[in-house]
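Colleague: I'd like to learn how to read a model like this one. Could you walk me through a few features?

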Amino acid sequence: MIKFPDLGKQPEPPQKKMSPEEYLRFCDFCLKNNRYITPENCLARKTGEEEIKVPFRL
């Protein structure tokens, strides 16, 4: 008798990528619905680099 391996759950196919128009609509929607993003702080990111005391070493 032939024994086949149990493959379990198969991964789903990748989602369709957004077109540039869909991406623009998505970004516009996100910006309009996030009240914390303003023209003054839209490019500011908090990465925590200001608080690093010791640089990274190997």
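Colleague: Which residues form a nonpolar patch on the surface?

Modeller: First, the ground rules: this is a predicted model, so local features need pLDDT of at least 70 and side-chain atom pairs count only at pLDDT 80 or more, while totals for chains, interfaces and linings use all residues. Residues are numbered from 1 along each chain as its sequence is written, and side-chain values use heavy atoms, with hydrogens and water left out. A patch takes residues with over 30% relative accessible area and no salt bridge, joining like charges within 9 Å and nonpolar side chains (Val, Leu, Ile, Met, Phe, Trp, Tyr) within 5 Å. Here Met 18, Tyr 23 and Phe 26 make up the nonpolar patch, with about 330 Å² of accessible area together. Those areas come from the Shrake-Rupley method with a 1.4 Å probe, and for residues only the protein chains shown count as cover.

Colleague: Where does Met 18 lie?

Modeller: Met 18 sits in the segment before α1 (20-33). Helices (H or I, at least four residues) and strands (E, at least two) are DSSP runs, numbered from the N terminus; this protein has one helix and zero strands.

Colleague: What share of the protein is buried?

Modeller: Buried means under 20% relative accessible area, exposed over 50%, and partly exposed in between (1.4 Å probe, protein chains only). Buried residues account for 0% of the 58 here. Met 18, at 47%, is partly exposed.

Colleague: Which residues form a salt bridge?

Modeller: Side chains of opposite charge can pair when their charged atoms come close. The rule wants a side-chain nitrogen of Lys or Arg within 4 Å of a carboxyl oxygen of Asp or Glu, and the count comes to one. Asp 28 pairs with Lys 32, their closest N and O atoms being 3.1 Å apart. Both lie in α1, four residues apart, about one turn of the helix. Asp 28 is partly exposed at 36%, whereas Lys 32 is exposed at 64%.
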